[in-house]
Amino acid sequence: MIATLTGRLRRRAEDRVVLECGGIGYEVFLPPLDRPQGEGLAAEAGDKASELHLVIYYHATRDQPRPVLIGFTSDLDKEFFEKLITVKDIGPMVAARALAAPVAELAAAIARQDEKYLRALPGIGPQKAKNIVAQLQAKVAKFALAVEGATAEPVSGGPAAPDTDGLREMVWEILVKQLGHRPSEASQLITDALRRRPEPRSPEELFDEIYRGQAAATARS
């Protein structure tokens with residue numbers, strides 16, 4: 001299993017790159033949302049080639065024995081992709097090609113049940129849009145909170161404690177380290193959410209309440 005690749009950019013095509021790592025060239029498909037990240041990078045044969053780090057989803061099945069590597073520029077993008085491929089009739093390549101907008105924008109569309117928006121994505125027809133909303137509407141609030149341009153960092157520690165303080169700490173870390181919020185902003189978002197919903201039972205419920213509060217504030221402005 002290949003989890004990450006860091007190497008020299010040897011070749012770039014419309015939807016994929018060849019990354020040389022330790023003398024081996026890996027062809028990696030890039031979803032549309034991650035392609036702009038490589039536009040300013042130099043793809044060359046020598047030492048002047050740009051270095052690129054990608055988080056990898058490795059796809060190979062009995063029906064498709066030739067492995068396909070799908071690359072993402074952040075763990076958050078890959079995590080959202082992995083949610084998407086749990087949906088009925090959404091395979092890895094369909095999901096990768098459908099990622100044509102920032103994760104926060106896609107997640108917000110799912111959360112508000114905007115099937116019209118989803119149908120405009122590459123490869124997503126009416127039935128797939130319905131399936132995405134039905135299966136993911138309650139699971140994407142975290143991604144809808146992502147700040148554009150955020151660079152995800154790992155969140156340390158194990159599962160959150162079942163009490164409110166434990167949930168608050170875990171959600172604060174994710175808001176700051178993965179979703180790009182300022183520490184003070186993250187604290188205020190959590191405080192406001194807990195005021196509206198004092199006893200969330202899981203991080204997902206707390207994220208959902210934070211997102212609902214932000215969506216309501218946006219609608220009022």
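Reader: What makes K78 count as buried?

Author: K78 counts as buried because its relative accessibility is 17%, and buried means under 20% relative accessible area, with exposed over 50% and partly exposed in between (1.4 Å probe, protein chains only). This is a predicted model, in which local features need pLDDT of at least 70, side-chain atom pairs count only at pLDDT 80 or more, and totals for chains, interfaces and linings use all residues. Residues are numbered from 1 along each chain as its sequence is written, and side-chain values use heavy atoms, with hydrogens and water left out.

Reader: Where does K78 lie, and which residues beyond four places in sequence is K78 in contact with?

Author: K78 lies in helix α1 (residues 75-84), helices being DSSP runs of H or I with at least four residues, numbered from the N terminus. Leaving aside neighbours within four places in sequence, K78 is in contact (heavy atoms within 4.5 Å) with V55, I56, Y57 and F72.

Reader: Why is α7 called oblique to α8?

Author: The axes of α7 (residues 164-178) and α8 (residues 183-196) come within 9 Å and cross at roughly 140°, which makes α7 oblique to α8, because angles under 35 degrees count as roughly parallel, over 145 as roughly antiparallel, 65 to 115 as roughly perpendicular and the rest as oblique.

Reader: Which residues of α7 and α8 meet?

Author: T164, R168, V171, W172, L175 and V176 in α7 meet P183, A186, S187, I190, T191 and L194 in α8.

Reader: Which residues have the most contacts inside the largest nonpolar core?

Author: They are I70, F80, I132, L175 and I210, in a core of 52 residues.

How values were computed
Axes are lines fitted to C-alpha atoms, for helices over the stretch in contact, and angles run from 0 to 180 degrees between N-to-C directions. Helices (H or I, at least four residues) and strands (E, at least two) are DSSP runs, numbered from the N terminus. A nonpolar core is a set of buried Ala, Val, Leu, Ile, Met, Phe, Trp, Tyr and Cys residues joined through side-chain atoms within 4.5 Å.
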